[in-house]
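Take a look at the fold below. Follow the chain from one end to the other before reading on.

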Amino acid sequence: MAKKGGHLLKHIFYSFFLLLSGVFLIVAAAAPFWLLERVPSDEDTGPACGIFSRDNLASIPTQALKVAAGMMIAAMAIKLQIPLLTIASLLMLGTLLAFGYAFEDFNAVTYENNDLDCNCGDSDKFNQGSCRLGYGAGLGIAATVLITITGCIAESVKRSDIENEYYE
């Protein structure tokens, strides 16, 4: 049976949000600018730090960043399985929380010991100190919201398909 009217529109919205959330997730993972160090000169920012700002996963310097990277990779893999969108959004939330927890590693005392590029002064857990969040963190937040919205639309589409007897 062909899909009609509002039902077709739900599928179009679902497909759009699924694609958009995937793009945001991939760009957020690739973005090195999650945390930007401020510099007192004419330049806006100094070094940038991101979850995947190293050459390989083994070189990620701190445990919290490794956890954030692992959760983000799991979210990308799980997002491909449509029924698991809720779990993917929870993993992305965990990624953001682990990244916030990692702020303590960027403080002036420990950043050199952890082989990090960013010195955020008096940063602490969930306190970015003198650094500012970059577009990578914003894209991570947006991806989390979009995956959650996509999961809600997917559930609505599935219920609508069942009501219209597209599923058996």
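Predicted model: local features only at pLDDT ≥ 70, side-chain atom pairs only at ≥ 80, totals over all residues.

Residues are numbered from 1 along each chain as its sequence is written, and side-chain values use heavy atoms, with hydrogens and water left out.

Start with the layout. The protein chain has four helices and three strands. Both are DSSP runs numbered from the N terminus: helices are H or I with at least four residues, strands are E with at least two. From the N terminus on, the order is α-β-β-α-α-β-α. Buried residues make up 39% of the 168 residues. Here buried means under 20% relative accessible area, exposed means over 50%, and partly exposed lies in between (1.4 Å probe, protein chains only). Now count contacts, meaning heavy atoms within 4.5 Å. Of those with a separation of 6 or more, 64% join residues 24 or more positions apart.

Next, the helices themselves. The expected span of a helix is 1.5 Å times one less than its number of residues. Helix α2 has 17 residues and should span 24 Å; its end C-alpha atoms are 24 Å apart, which agrees. Helix α3 covers residues 85–101. It too has 17 residues, and it reaches 24 Å from its first C-alpha to its last, close to the expected 24 Å. The buried residues of α2 include L65, A68, M72 and I78. Those of α3 include L85, A88, M92 and F99.

How do the helices pack? Two packed helices are described by the angle between their axes and the distance between the axes. Axes are lines fitted to C-alpha atoms, for helices over the stretch in contact, and angles run from 0 to 180 degrees between N-to-C directions. The axes of α2 and α3 come within 8 Å and cross at roughly 165°. That makes α2 roughly antiparallel to α3. The cut-offs are under 35 degrees for roughly parallel, over 145 for roughly antiparallel, 65 to 115 for roughly perpendicular, and oblique for the rest. The crossing of α2 and α3 is left-handed. A crossing has that hand if the near helix is turned anticlockwise from the far one by less than a right angle; clockwise gives right-handed. Among the residues that meet are M71, M72 and A75 in α2 and L91, M92 and T95 in α3.

Move on to α3 and α4. Their axes come within 8 Å and cross at roughly 165°. The two helices are therefore roughly antiparallel to each other. Their crossing is left-handed. The contact includes S89, M92 and L96 of α3 and A143, I147 and G151 of α4.

Then the core. A nonpolar core is a set of buried Ala, Val, Leu, Ile, Met, Phe, Trp, Tyr and Cys residues joined through side-chain atoms within 4.5 Å. The largest one has 39 residues. W34, L35, M72, M92, F99 and F106 have the most contacts inside it. The elements giving two or more residues to this core are α1, α2, α3 and α4. Helix α4 gives the most, with eight residues.

At 0% relative accessibility, S21 counts as buried. Leaving aside neighbours within four places in sequence, S21 is in contact with K79, A143, L146, I147 and T150. F13 also lies in α1. At 43% relative accessibility, F13 counts as partly exposed.
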